[in-house]
Amino acid sequence: MNRVAQASACRGQLQFAVLLLLILAPRAYSQTFTQRGFLETDLIGYPQTAPNDSGQVIGEALFRYEAFYKLSPDWQFAGGIDARTDTHNQVDRDWQLSWDDRERRRPSFAVRQLSATYSHNKLTVELGKQFIRWGKADLLNPTSRFSPQDFLTVVDADFLAVTAARLTYGGQSNTIELVWSPLFTPSRVPLLGQRWSIVPAGVTLQEQAPSLPGGSQFGARWNHIGRAAEYSLSFYDGRNNLPLFNFQLQPQLPLTVDVQRFYPQMRMYGGDAAIPLKSITVKVEAAYFTSTTKTEDEYALFVAQVERQAGEWFFIGGYAGEAITAYRPGLQFAPDRGLTRAFLGHAGYTIDTNRSVALETAIRQNGRGVWVKLEYSQSFGQHWRATAGYTLIRGDTSDFLGEYRRNSHALLALRYSF
Amino acid sequence: MSKLLPFLCLLALPLPAQDARQIVEESQRRGRAASQHYEGVLEVFGAHNKVSKKSWQSDRLGSYGNSKAVIRFTAPAEVKGVALLVLNHPDRSSDQWMWTPAIGRDRRIAQQDRSTRFFGTDFSFEDLEERDVGQFDFRLLGDETIEGAPCWKIESKPRQSKSSQYTSSRVWIRKDNYVPVQYENFVKDALVRRLRQKEIEKIQGIYTPRLLEMTDLRRDSRTVLKLENVRYEVPMKEDDFTVQALRRQP
């Protein structure tokens with residue numbers, strides 16, 4: 001059976017599984033069944049046009065439903081679906097249910113998660129599509145290798161689940177986590193014809209089918225919770241979920257270049273720690289990456305941050321750095337590296353029980369790129385929340401953040417949660 | 001929460017000579033259970049009478065100094081699943097972790113952050129702890145009547161001054177059933193929070209307040225917590241009170 005046929009068969013089984021979940025869920029015993037979800041509509045306005053994207057107002061809608069069923073003290077199941085649409089062709093229009101999140105655009109219907117968990121004493125095994133977050137830092141997580149993201153709009157990236165088997169063993173003080181993922185899930189990168197792809201003037205890019213790797217990914221993490229600190233060591237062997245690009249110049253005018261994504265081999269050695277001190281909590285996280293791919297750098301990423309809550313305020317501030325140990329020529333889309341060599345900050349203030357404001361920022365140490373996001377949020381009753389925000393991006397074209405300087409935008413979001 | 005009860009379950013015997021520590025120990029002894037479950041409905045009344053409603057489910061294993069507890073929000077919808085794990089210790093302040101399912105992260109609540117409000121309520125993280133009597137010094141201040149019930153009035157001060165946001169607390173314990181009915185918490189000489197415990201009902205042999213009203217006097221706001229479906233001696237597993245277990249719950 002070829003890959004397309006396999007995918008189709010797999011998709012059919014998944015559709016059945018999800019439908020079964022949705023049908024059975026409400027009949028489940030009330031104390032062991034929980035559900036939640038929301039419907040959110042967003043209106044995004046860009047004050048400036050971009051050379052490859054004249055759209056300035058975008059509407060989006062997302063419906064998310066998640067259900068959890070505890071069959072017995074040892075077994076529980078989790079399932080979730082996303083249904084979405086938009087006005088800017090960032091969402092597929094083919095109405096297919098997606099499992100693997102490998103589509104170029106966001107799928108109109110996607111299995112957000114679907115997993116079975118067995119837990120007994122100190123052992124937990126989770127099988128299926130699930131979210132796996134590693135690391136302790138809040139601003140950047142270089143050790144979190146099983147958490148691809150949707151970077152269609154680069155600075156507002158949502159996490160994607162991965163298909164994996166995860167075994168966790170341990171009690172409160174020490175845990176060992178082993179993850180094996182047989183199906184690679186890439187991060188979703190900006191669409192070539194849209195403003196979050198920066199294309200050189202006078203060049204037409206033609207996107208070719210990506211080279212998605214076979215094989216599996218493996219990771220292990222040991223976590224210790226002590227009285228004075230928490231710390232972890234982690235290891236990953238697999239592929240980078242952020243792509244490198246192959247280019248091929250076509251002998252035609254106007255200048256046309258074929259572009260193909262591929263995903264370099266990656267091995268990661270990492271660690272993280274959280275240390276509560278007298279007046280602040282210090283968190284550090286670092287990872288060193290090696291690769292057998294000839295065009296992938298070898299490098300280290302690290303982040304150090306402090307955080308503090310005081311009254312209705314919380315503050316997180318820190319620095320993210322990068323050290324390249326082996327430079328290899330290759331064009332990469334790498335928001336994780338793009339947010340390094342930068343000062344990062346996050347602050348929030350709770351005005352009252354219903355209202356809050358938050359500020360996030362990244363400022364490159366050389367001053368060539370700045371990203372600032374300010375949001376005001378207010379809830380109405382038990383179900384409604386409105387959010388208004390503005391994201392400011394400034395900088396040089398040579399900088400990862402600065403190249404998006406025409407993409408400052410305002411957001412108005414309305415969410416109904418249930 | 002009924003967890004607060006133990007913390008300030010300070011009391012004395014109906015004998016004038018009884019000392020404050022004995023009263024508190026007796027109060028804690030009478031409230032002791034291997035486990036406790038309840039469903040809490042909260043109403044938060046802001047300074048301008050803005051009201052927000054929340055609800056949570058609480059499970060506690062053990063009592064006082066060595067207990068473990070998980071509080072998990074069930075409403076409103078946008079915070080459903082947010083949970084707090086509290087591991088109490090006999091000789092020091094608790095360890096706490098908060099799990100936020102929307103971002104898939106757990107976060108340890110540092111000691112210096114315990115004075116902040118717990119998820120928009122008037123309870124601070126520290127108020128959700130249960131502490132052993134051994135962590136406090138007690139002094140009997142006298143007798144007072146609260147809502148017609150004669151009470152002992154007892155002052156408590158943490159032995160390790162930096163382990164609590166409160167410089168001192170006062171508790172009123174009813175003489176007839178050893179139930180604490182009011183706490184006042186001070187920072188230096190200023191009264192900052194007051195907790196009143198009402199609608200006392202005997203459940204499975206344990207006198208249990210069914211309504212708790214916490215007032216934050218600095219913010220001029222209050223939270224009313226109603227305890228429903230209170231059960232003691234519910235079978236619970238030790239392994240369900242770990243950070244790992246916190247993550248695997250929805």
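Which residue in β22(A) is the bridge partner of Thr350(A)?

The structure shown is a predicted model, in which local features need pLDDT of at least 70 and side-chain atom pairs count only at pLDDT 80 or more, while totals for chains, interfaces and linings use all residues. Residues are numbered from 1 along each chain as its sequence is written, and chains are lettered from A and ligands numbered from 1 in the order in which they are written.

View 1. The bridge partner of Thr350(A) in β22(A) is Ser356(A). Strand β21 (residues 342-350) and strand β22 (residues 355-364) of chain A run antiparallel and are joined by nine bridges, and they form a hairpin with four residues between them. Strands here are DSSP runs of E with at least two residues, helices are runs of H or I with at least four, and both are numbered from the N terminus; two strands pair if DSSP finds at least two bridges between them. On to strand β23 (residues 369-380) of chain A, β22(A) is likewise antiparallel, with nine bridges, and Val357(A) stands opposite Tyr376(A) in β23(A). The hairpin of β22(A) and β23(A) has four residues between its strands, and Gly367(A) takes a positive phi near 75° in that hairpin.

View 2. Chain A has two helices and 25 strands, and its C-alpha atoms fill a box of roughly 65 × 60 × 50 Å along the principal axes. The radius of gyration of chain A is 22 Å, which agrees with the value near 22 Å for a compact globule of 418 residues; this radius is taken over C-alpha atoms, and the globule rule is 2.2 Å times the number of residues to the power 0.38. Thr292(A) lies in the loop between β17 (281-290) and β18 (298-310) of chain A, and this residue counts as exposed because it has 9 C-beta neighbours inside 10 Å. A residue is exposed if 12 or fewer other C-beta atoms, placed from the backbone, lie within 10 Å of its own, buried if 20 or more do, and partly exposed in between. Thr292(A) and Thr41(A) are 251 residues apart in sequence and 43 Å apart in space, C-alpha to C-alpha.

View 3. Four of the five residues of strand β4 (residues 83-87) of chain B are buried. Strand β3 (residues 68-75) of chain B pairs with β4(B) in the antiparallel sense over five bridges, with Val86(B) as the bridge partner of Ala69(B). Five bridges also join β4(B) to strand β5 (residues 95-100) of chain B, again antiparallel, and Leu87(B) has Asp95(B) as its bridge partner there.

**View 4. The contact between chain A and chain B.** The contact takes 34 residues from chain A and 26 residues from chain B, where two residues are in contact if their C-beta atoms, placed from the backbone, lie within 7 Å. On the side of chain B that touches chain A, the largest share, three residues, comes from α3(B).
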